[in-house]
Amino acid sequence: MGSDPQHDGSRDIRADDVRLFHTGEHPCGYWPEREARDLVLDPRDPRLPQLYPLALNWGFRRSGDIVYRPHCGGCQACVAVRIPVGEFVADRSQRRCLARNADVDARVLPAERSEEHFALYQRYLSARHPQGGMDGHGAAEFDQFLIGAWSQSRFLELRERATHRLLAVAVTDVTDDALSAVYTFYDPDAPARSLGTLAILHQLQWARRDARRYLYLGYWIAGHGKMDYKRRFAPLEGFDGRNWQRLRFDPEDATREPPATVRSVRRPSGVRR
């Protein structure tokens with residue numbers, strides 16, 4: 001299941017003509033005691049809109065206008081994952097989440113910041129990521145982080161039907177054959193709604209409605225308190241540096257490591273650094 005140019009819109013791009021750069025070491029956003037490095041697509045490449053679907057298929061993701069993938073020495077904890085939309089079936093817990101939120105409406109809008117979006121974003125960061133480096137984000141940082149200059153992005157809004165109260169925003173990129181979940185922020189005062197899970201379920205419904213093959217979820221990290229939840233969406237595929245492989249988990253073991261083949265993250269074959 002490697003790169004599929006017929007579906008990623010990149011038929012005319014040669015893999016050996018893609019430039020990648022290593023970043024310097026920086027604090028890891030997931031394990032504070034570790035240093036991290038990334039591989040980054042050339043941000044000056046005018047073909048980024050065409051490269052992006054191919055990059056998703058190579059395990060990269062977007063942050064603002066930067067398309068990156070972790071490439072850390074001695075650590076391969078971050079595994080790019082995606083859901084094959086046509087095969088997904090909600091489990092009992094996810095069906096309960098949908099039933100519990102039957103009073104919530106979802107709509108897809110252009111990726112444009114409003115005062116209401118920004119206020120919810122600040123509340124979310126203050127509650128969920130205090131002193132995490134992002135809780136001081138202003139409007140400019142919001143735009144830089146979430147709204148790309150070249151990406152086809154949308155905001156999936158979740159609102160309480162009776163009050164029209166904004167509950168969540170899932171920033172989502174759209175390509176010819178996939179959706180990519182970039183970032184979700186939601187009301188921290190509504191934990192019973194499981195809004196993070198609800199947002200993914202609505203993204204899956206959106207992807208199925210629009211005949212998209214995959215929903216990319218970014219990186220899964222086994223045993224990490226804020227990243228391990230992605231294993232609950234099955235079937236789940238992980239990228240090993242060359243191919244996408246079906247991940248299999250013990251439902252009772254929340255700290256299980258991924259298979260060794262998935263932990264060996266290599267650069268895409270033929271791509272120059």
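Colleague: What is the relative accessible area of Asp143, a residue that counts as partly exposed?
Modeller: This is a predicted model, in which local features need pLDDT of at least 70 and side-chain atom pairs count only at pLDDT 80 or more, while totals for chains, interfaces and linings use all residues. Residues are numbered from 1 along each chain as its sequence is written, and side-chain values use heavy atoms, with hydrogens and water left out. Buried means under 20% relative accessible area, exposed means over 50%, and partly exposed lies in between (1.4 Å probe, protein chains only). Asp143 is partly exposed because its relative accessible area is 24%.

Colleague: How many residues apart in sequence are the parts that Arg113 and Asp143 tie together?
Modeller: The side chains of Arg113 and Asp143 meet in a salt bridge of 2.9 Å, N to O; a salt bridge is a side-chain nitrogen of Lys or Arg within 4 Å of a carboxyl oxygen of Asp or Glu. Helices (H or I, at least four residues) and strands (E, at least two) are DSSP runs, numbered from the N terminus. Arg113 lies in the loop between E8 and helix H4 (115-128) and Asp143 in helix H5 (residues 139-146), so the parts tied together are separated in sequence by 30 residues.

Colleague: Which residue forms a salt bridge with Arg161?
Modeller: In this salt bridge the distance is 2.9 Å, N to O, and the partner of Arg161 is Asp105. Arg161 lies in the loop between E9 and strand E10 (166-174) and its partner in strand E8 (residues 104-110), so the pair ties together parts that are 56 residues apart in sequence.

Colleague: Is Glu157 buried or exposed?
Modeller: Glu157 belongs to strand E9 (residues 153-160). Its contacts (heavy atoms within 4.5 Å) include Leu109, Leu166 and Val169, not counting residues up to four places away in sequence. Because its relative accessibility is 2%, Glu157 counts as buried.

Colleague: Which residue's side chain makes a polar contact of 2.7 Å with the side chain of Glu157?
Modeller: A polar contact is a pair of N or O atoms within 3.5 Å; within protein, one must be able to donate a hydrogen and the other to accept it, and residues adjacent in sequence count only if both atoms are side-chain atoms. The side chain of Glu157 has such a contact of 2.9 Å with that of Arg159. The polar contact of 2.7 Å is with the side chain of His117.

Colleague: How many residues apart in sequence are the parts that Tyr121 and Phe185 tie together?
Modeller: Rings of Phe, Tyr and Trp (its six-membered ring) pair if their centres lie within 6.5 Å; planes under 30 degrees apart count as stacked, over 60 as edge-to-face and the rest as tilted. The structure holds 16 aromatic pairs, among them Tyr121 and Phe185, an edge-to-face pair at 5.3 Å centre to centre with 75° between the planes. Tyr121 lies in helix H4 and Phe185 in strand E11 (residues 178-186), so the separation in sequence of the parts tied together is 64 residues.

Colleague: Over the ring of which residue does the charged end of Arg82 sit?
Modeller: A charge sits over a ring if NZ of Lys or CZ of Arg is within 6 Å of the ring centre and within 35 degrees of the ring normal. The charged end of Arg82 is 3.6 Å from the centre of the ring concerned, which belongs to Tyr214.
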